[in-house]
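Let's take a walk through a protein model together. Have the picture ready, and turn it around as you read.

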Amino acid sequence: MEKSKKGFSAGLDSITGRIRRFCADTMAELRRCSWPNRQQLIESTLLVVVAMVILACFVAGVDYVAQLLIRFMTVHS
């Protein structure tokens, strides 16, 4: 029974050690990243918003055309 407790405890130590190493590596990598300044962040955000509006309009247009086609096919059949 003592042997299984040691094995379980050793397994936990290796898991916690791996988690700590992962967190330390992640923090080190985040320090090396280049972060955008405020102006770049605003420009990127606006670009994403505009792209989403354009995509939403496109999807709405395709949906409207599909609705018209389906209505035409079901009424005239």
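Start with the overall fold: the chain has 2 helices and 0 strands. Keep in mind that this is a predicted model. The helices are H1, covering residues 2-32, and H2, covering residues 38-75.

Now, how much of the chain is buried? Of its 77 residues, 0% count as buried. A residue would need under 20% relative accessible area to get that label.

Let's zoom in on H1. The structure holds 1 salt bridge, and this is where you'll find Glu29 paired up with Arg32. Their closest N and O atoms sit 3.4 Å apart, which is inside the 4 Å cut-off for a salt bridge. Both residues belong to H1, and they are 3 residues apart, or about one turn of the helix. Are these two partners buried or exposed? Glu29 has 42% relative accessibility, so it counts as partly exposed. Arg32 comes in at 61%, so it counts as exposed.

Next, move along to the start of H2. Asn37 caps the N-terminal end of this helix. To see how, look for a side-chain oxygen of Asn37 that lies 3.2 Å from the backbone nitrogen of Gln39.

How far apart are the end C-alpha atoms of H2? H2 has 38 residues, and at 1.5 Å a residue it should span 56 Å. The count used for that span is one less than the number of residues, because that is how the expected span is defined. In the model, the end C-alpha atoms of H2 are 55 Å apart, which agrees.

Staying with H2, find Leu68, which has its place in this helix. Leu68 has a relative accessible area of 39%, so it is partly exposed. To join a patch, a residue needs over 30% relative accessible area, and Leu68 has 39%.

Last stop: the cysteines. How many disulfides does a search of the whole structure find? The search turns up 0. Among the cysteines, Cys33 counts as partly exposed, at 34% relative accessibility. Cys57, at 53%, counts as exposed.

Terms used: Residues are numbered from 1 along each chain as its sequence is written. This is a predicted model: local features need pLDDT of at least 70, side-chain atom pairs count only at pLDDT 80 or more; totals for chains, interfaces and linings use all residues. Side-chain values use heavy atoms; hydrogens and water are left out. Helices (H or I, at least four residues) and strands (E, at least two) are DSSP runs, numbered from the N terminus. Buried means under 20% relative accessible area, exposed over 50%, partly exposed in between (1.4 Å probe, protein chains only). A salt bridge is a side-chain nitrogen of Lys or Arg within 4 Å of a carboxyl oxygen of Asp or Glu. A disulfide is a pair of cysteine sulfur atoms within 2.5 Å. A polar contact is a pair of N or O atoms within 3.5 Å; within protein, one must be able to donate a hydrogen and the other to accept it, and residues adjacent in sequence count only if both atoms are side-chain atoms.
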